[in-house]
Structures are given as C-alpha cells and as structure tokens.
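Student: I'm looking at this one for the first time. Please show me how to read it, one feature at a time.

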Amino acid sequence: MAFFDSHSHLQDPRFDEDRAAVLSRAAAAGVHTILVCGEDVESSRAAIALAANAKQPRLLAAAGFHPHEAAHATDAALDEIELLARSGGAAAIGEIGLDFYRDLSPRHVQRQVFDAQLAIAVRLGLPVSVHSRDAEGEVRPHLARFAAESPLARRGRAPGVLHAFGGTLREAQEYAAMGFLVSLTCAAGYPRNEEARAIAAELPLAALLVETDSPALPPQSARGTRNEPANVRVVAELIAEARGITVEAVSAATTANAEALLGRATLVEASA
Ligand SMILES: [Zn+2]
C-alpha cells in the first residue's frame, strides 16, 4: 500500500532534531510522497531545499504565503515566491488562502495576497494548496476566477486542493463540482467532527486527498503531540471506515488523485 501525504510542514523547526527518523518512519508506513508547503519566503525556500535533497520518501515542495503571514507579503516577497517556485521546480503554490478565524493579517490584505498568488499559479501553470478557515463563502469566488484562468483547469485537470477542509459536506460538494479536490486530515477522527466524517463517507473518492498537515492535527489517540507523515494512514483508515471499503482502495484512489494533481507531470508551459 502506498500513501501520498498531500500537505505537511516538514521544514518546521520542530522536526530539526529527528527529521531523518521521521522520514524513515514515513517510508516504513508506506508513505512514498509528501508535499512540503511553505508559509512565507523562508519556509518556502526550506521546503524546496528539502525536496531537492530527498530520496525516500519523495518530497515535493510548494511555495507560498499562508494567510496568517499575508501582512508580510510585500511585492518583493511575492516576486521571491514566484522565483523560488519557478527555479526550484515547485509542485504547487501553497499554502495560500483566507483565515477569518484567527484573523492574524487584515482581511483586505489576505484577499490581495491570495489573488496575487493565484495569479502566480496561473502564470506557472501550477495547482494551489488552499487554506480556508471560517472563510469558505469568500474563498469560493476567488477560486472560481482562478479555475477559469488556470491552464490546468482548461485541460480538464484539477486546479487545486482545499487542504485540511473544515467546511460542510455541501461546501465540499460545491468545490468538487468546480473541479477542486478536498483533503482530509486526522481531524476527521476528532469526536465533534461529524461534518468531516460525512465528507469522508459521501464525497466521490475521485475528489478526495489525504494529508497530515504535520506537525499539526495529530490523530485523536495522540492529541497534543507533534504529528508526522506516517500518520497519514490513519486518515485513509477513517475514510475507509466511513465508506465501508478497504484501506487499500482509499490508498490507491487518493494516491492516484494526488499524483494527478501534484506529480511533476502537472508542470506545464505557462504560455501554452
Ligand atoms: Zn498547512
């Protein structure tokens, strides 16, 4: 069985002491690919450096400004993100989006920085990894405009993923209808997360990805500890249980979906 952890922050300093051991546990758990997402220029550069040096499991990088950091995303910093993504062979622009739950950057700045990064993804022909918290209604029109412009969407490919999706089943279905994928985490096993379990049970398997968002969102049995990519299997198990299918079927489908979205084959000529 092979798993694709479609969203992590392995460059986080909390992995500095034992990153090699974390990666070997991931490989032993069947995780063959992990996307490492940026949150600002420095962490995007670190993600690209990690990906360039990785062997097993394969690491892919995403470059971008998290909405929490949007206030620091100057024009020069956004240019740097584009340059890093282009020259470093990023697999995606991310993580980007809107967070109206913590509101760590002013909302009008979050919107501008989100749009600026969606434009980078259009120029580079890359998919996006999107963070949306208490902002699903506002994220949707941004992504609808992006889907209309993305060279990926024009070729019938998914233009991005709603990562660690915390919205309703209905919202997940709307994003899936727009061509986006929806990614679930170990939080689908948290007691009050009925909506994530409904998504796990009802959303077409072709629209689902699995991720850990490491070091955040550990499994219910390990709340309060550092999460790591080996736990992506727990997410697949939760989806399998919700649907009454095998973990193998979830692993095969979500890996194929992630490969189609993020595998290097998605890199297209921006001018095509
Ligand atoms: Zn994240």
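Student: Where is the place of Asp213?

Tutor: Asp213 sits in the loop between S8 and helix H9 (232-243). Those labels are DSSP runs numbered from the N terminus: helices are H or I with at least four residues, strands are E with at least two. Residues are numbered from 1 along each chain as its sequence is written. This is a predicted model: local features need pLDDT of at least 70, and side-chain atom pairs count only at pLDDT 80 or more, while totals for chains, interfaces and linings use all residues.

Student: Is Asp213 buried or exposed?

Tutor: A residue is buried if 20 or more other C-beta atoms (placed from the backbone) lie within 10 Å of its own, exposed if 12 or fewer, and partly exposed in between. Asp213 has 25 other C-beta atoms within 10 Å, so it is buried.

Student: Which value does phi of Asp134 take, and where is Asp134 found?

Tutor: Phi of Asp134 is near 50°, again a positive value in a residue other than glycine. Asp134 is in the loop between S5 and H5. With 14 other C-beta atoms within 10 Å, though, Asp134 is partly exposed.

Student: Now the strands. In what order do the eight strands of the sheet come?

Tutor: Two strands pair if DSSP finds at least two bridges between them. Here the eight strands form an open sheet in the order S1-S2-S3-S4-S5-S6-S7-S8, with parallel pairing. At the edges are strand S1 (3-8) and strand S8 (208-210), each of which pairs on one side only. From one strand to the next, the twist averages 30°. Axes, by the way, are lines fitted to C-alpha atoms (for helices, over the stretch in contact), and angles run from 0 to 180 degrees between N-to-C directions.

Student: How many bridges join S4 to S5?

Tutor: Six, and S4 and S5 run parallel. In that pairing, Leu98 stands opposite Ser132 in S5. Strand S3 (residues 58-63) is joined to S4 by two bridges, also running parallel, and Ala63 has Ile93 in S4 as its bridge partner. Further along, two bridges link strand S6 (residues 160-162) with strand S7 (residues 181-184), which run parallel. There Leu162 stands opposite Val182 in S7.

Student: Why is S4 largely enclosed by the rest of the structure?

Tutor: Count its buried residues: eight of the eight in S4 are buried, so the strand is largely enclosed by the rest of the structure. Helix H5 (residues 136-149) lies across strand S4 (92-99) and strand S5 (128-133), running at about 155° to S5. S4 also holds Glu95, and the peptide bond from Gly94 to Glu95 is cis, with omega near 0°.

Student: What is omega for the cis peptide bond that joins Gln56 and Pro57?

Tutor: About -5°. Pro57 is in the loop between helix H2 (41-53) and S3.

Student: And helix packing: what angle do H8 and H9 make?

Tutor: Two packed helices are described by the angle between their axes and the distance between the axes. H8 and H9 pack at about 70°, with their axes 8 Å apart. That makes H8 roughly perpendicular to H9; angles of 65 to 115 degrees get that name, under 35 is roughly parallel, over 145 roughly antiparallel and the rest oblique. Arg197, Ala200 and Ala201 of H8 make the contact with Leu238, Ile239, Ala242 and Arg243 of H9.

Student: At what angle do helix H3 (residues 75-87) and helix H4 (residues 107-124) cross?

Tutor: At roughly 30°, with the axes coming within 11 Å. H3 and H4 are therefore roughly parallel to each other. Leu78, Ile81, Glu82, Ala85 and Arg86 in H3 meet Ala116, Ile120 and Leu124 in H4.

Student: Back to helix H8 (residues 194-202), where Ile199 lies. Which residues is Ile199 in contact with, leaving aside its neighbours within four places in sequence?

Tutor: Contact means C-beta atoms, placed from the backbone, within 7 Å. Ile199 touches Phe165, Leu169, Ala172, Val182 and Leu184 in that sense. Ile199 counts as buried, because it has 27 C-beta neighbours inside 10 Å. Ile199 and Gly167 are 32 residues apart in sequence and 9.3 Å apart in space, C-alpha to C-alpha.

Key
Two residues are in contact if their C-beta atoms, placed from the backbone, lie within 7 Å.
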